[in-house]
Amino acid sequence: MLKKDAHGKFNEKVEEGYFLGYSTPNKRVYNKASGNVEEWYHFDVQKYTSPTARKGLPWMFDYEELFASFNLPPECSDEEVAVQMMYDAQNAPDEHVQPTPSSSDIPESSNNTQVTQDDDSSSSSEYEGSRQEIDQVIEDPSHDVVQLSDDVSHSVAIEQSITNLDQTVEVPAHPMGRIDRIHPQQNIIGDPTSGVKTRGQINSGVYSEIMESGVVNDCVHSCFVSQIEPRSITDALKEESWVNLMQEELLKFQKLEVWKLVDLPKGAKKIGTRWVLRCKGDDQGIVIRNKARLVVQGFRQIEGIDYNEVFAPVARLEAIRIFLAYASYKRFKVYQMDVKSAFLHGEISEVVYVSQPPGCLQIGQGTVRIAPSSASVVYMDDIIFGSTNDVLCKEFERVMQDKFEMSSMGEMKFFLGLQVDQSETGIFLHQTNYVGDILSRFSMTDAKPAGTPLAINHGISPDDKGEYIDATLYRAMIGSLMYLTASRPDIMFATCLCARYQSKPKVSHLITVKRIFRYLKGTPDLGLWYSNDDNFELTAYSDSDYGGCKTDFKSTSAGCQFFGNRLVTWQCKKQTSVATSTCEAEYIAAASCCSQIIWIQHQLRDYGLQFSNTPIYVDNSAAIAITKNPVQHSKTKHIGIKYHFIRDCFENKLIDVVQINTDFQKADLYTKAFDKPRFLFLLEVNGMKKKDDVVPDQESSQ
């Protein structure tokens with residue numbers, strides 16, 4: 001929409017909107033900027049705007065090929081449409097349309113064919129003459145002739161004989177409408193004679209067969225699960241599938257005797273409950289199952305009054321990456337199972353009263369009592385497993401399904417927010433979908449891509465004179481980036497640096513964070529590549545900067561650990577004390593890296609692997625000398641005792657400290673910013689690849 005300003009000839013601006021209709025002589029449009037319906041005179045309609053590509057296969061968004069298949073005529077200009085409308089109005093017949101002649105009035109087929117051909121030739125010649133006159137009117141706008149002399153036959157279509165139809169057309173046995181109500185049996189999934197099945201029968205029959213076959217498209221799951229999450233319990237009770245899931249959840253509590261219905265004693269308090277209803281998707285965002293869980297409203301409790309401590313055991317992402325690296329080394333597939341109701345029983349010392357679940361029939365005062373001798377409930381979501389023997393995998397899956405209520409999910413593709421692509425050459429770990437989600441969440445989808453996450457001369461400081469920004473937005477962006485570092489070590493240093501200013505973020509800090517998002521815009525499919533090679537040697541790299549923090553001048557410790565060329569763990573953390581020399585900063589960083597190596601060695605004992613003399617590559621000779629020298633040096637008196645345990649590990653031959661040139665220090669990626677050539681080199685040596693470089697296109701589409 002072109003908006004003209006009365007104060008100047010050149011003061012114009014363009015606004016976007018949606019065309020709604022006509023309001024002569026203006027047009028009614030919806031202004032996107034103001035959010036109101038307005039009347040405009042000067043505006044252009046943008047036709048055939050291609051919609052934004054969404055999640056799905058590429059052929060689903062090839063609109064040009066779709067429109068080309070319609071064989072539409074070329075678009076006419078507004079002048080041609082106006083002249084044609086004027087021509088139709090001048091040559092419209094005055095008399096009413098005559099009724100269709102009867103069969104006795106219709107001439108013979110041969111004569112009728114000849115007459116029709118004559119009419120077609122005459123109308124064609126007349127139309128060509130009228131077309132020439134129309135072109136003259138278009139080319140000469142001053143031409144004031146509005147009456148056209150030609151007379152196109154307007155009733156040719158009415159006078160055509162019905163005997164021109166094909167004599168071989170078969171009459172259908174049943175009436176045919178616009179929609180065929182008889183569905184072809186070859187398109188029915190499963191046996192059409194099996195009848196209606198319950199949800200349990202479907203899960204153990206056709207649905208499980210489809211999942212095990214691996215032939216699953218984007219529309220299969222929509223036949224079995226709900227695609228929309230209910231906004232409230234009222235909406236959930238209107239849909240039978242969600243009601244069945246909630247009923248299954250309550251039956252599990254009743255089966256395990258978690259609670260019993262009682263009246264609320266006088267003076268006792270009860271905790272409210274609520275339903276958590278979620279649609280679970282796969283790595284492509286397709287909803288594959290629904291989940292209903294009953295939880296208590298813990299946010300209404302106060303620590304120290306209602307409870308003293310909480311504990312939630314979770315799997316460390318480092319342990320998951322170690323397992324995937326071991327799987328790539330042994331060249332076996334990793335499978336996943338969903339645990340429906342695995343309860344860990346443990347006695348509680350308090351008596352807890354909770355409300356009945358919302359949506360249930362309230363009896364009495366609606367209170368449920370959990371006795372001290374009853375069980376506390378702990379949910380386990382998913383299990384991943386694998387073996388070099390496929391028979392053992394099937395046997396383990398059968399045993400777990402018999403022992404617990406579990407379902408098989410096939411090969412591991414999506415776990416704890418990580419996307420896992422398994423191929424014949426290795427395993428690719430990435431978070432491509434999550435990158436797209438956070439870019440859309442913070443309105444950065446149209447941002448200009450950046451080559452590196454952080455500028456060399458970034459100059460990030462507290463910026464006391466800067467303008468304050470919304471701290472909630474800034475912390476949300478930092479939190480999203482911290483979760484992304486589970487598979488993106490390339491943004492580790494930049495994210496940790498920006499996270500230091502979450503208490504009082506300024507405009508300069510927000511600009512730096514947005515540069516990280518711009519870098520993600522250009523590299524959404526970057527991830528970790530674990531190749532199927534025979535090198536599984538445990539190595540580590542340690543490095544640090546010196547006084548990098550501009551607030552308290554503390555140094556940053558960095559480290560990374562590898563199995564061959566597979567990067568499994570990495571660290572970037574500001575030191576707790578100010579280092580008086582680069583030697584002290586490097587020594588503290590090496591001690592932190594040593595503690596991570598000891599933890600990995602303990603983890604690998606569960607795999608039957610024993611590692612000793614693990615090399616830690618350090619680029620500071622003074623720090624290496626302090627580590628190997630058991631004599632107390634005068635320069636190490638002020639260093640904390642907790643950092644000297646690296647000497648004990650070196651004497652016990654658990655680790656070894658090795659000198660390395662700074663140019664080949666892989667941990668350098670987590671200590672400072674670099675230009676693009678150096679940054680790309682560090683990405684390559686740290687085992688980071690793009691998805692298209694390691695995963696074949698065919699496997700990626702599947």
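Student: Which residues does lysine 554 touch, not counting residues up to four places away in sequence?
Tutor: This is a predicted model. Lysine 554 is found in the loop between β18 (538-544) and β19 (556-563). Leaving out residues up to four places away in sequence, lysine 554 touches Gly547, Gly548, Cys549, Lys574, Gln575, Thr576, Ser577 and Val578.

Student: How far is the backbone oxygen of threonine 576 from a polar atom of the side chain of lysine 554?
Tutor: Thr576 is among the residues that lysine 554 touches. The backbone oxygen of threonine 576 and a polar atom of the lysine 554 side chain lie apart by 3.2 Å.

Student: Which residues of β15 point one way, and which the other way?
Tutor: In a regular strand the side chains alternate between the two faces of the sheet. Strand β15 spans residues 418-422, and five of its five residues are buried. One way point Leu418, Val420 and Gln422; the other way point Gln419 and Asp421.

Student: Which residue in β16 stands opposite aspartate 421?
Tutor: β15 and strand β16 (residues 426-430) pair in the antiparallel sense over four bridges. They form a hairpin with three residues between them. Opposite aspartate 421 in this pairing stands phenylalanine 428.

Student: Which residue in the hairpin of β14 and β15 takes a positive phi?
Tutor: Strand β14 (residues 414-415) pairs with β15 in the antiparallel sense over two bridges. Two residues lie between the strands, and the one with a positive phi, near 55°, is leucine 416.

Student: How much space lies in the largest cavity?
Tutor: A search of the whole structure finds one cavity of 30 Å³ or more. Its lining has eight nonpolar, one polar and two charged residues. The space in this cavity is about 90 Å³.

Definitions and conventions:
Residues numbered from 1 in each chain as written. Predicted model: local features only at pLDDT ≥ 70, side-chain atom pairs only at ≥ 80, totals over all residues. Heavy atoms only, no water. 1 Å grid on protein atoms, 1.4 Å probe; cavity = no way out; pocket = protein on both sides within 12 Å on 5 of 7 lines; lining within 4 Å. Points joined across faces, edges and corners; volume = space filled by probe spheres on them. Nonpolar A, V, L, I, M, F, W, Y, C, P; charged D, E, K, R; others polar. Polar contact = N/O pair within 3.5 Å; in protein donor to acceptor, adjacent residues only side chain to side chain. Contact = heavy atoms within 4.5 Å. Buried < 20%, exposed > 50% of the residue type's maximum accessible area, 1.4 Å probe, protein only. Pairing = 2+ DSSP bridges.
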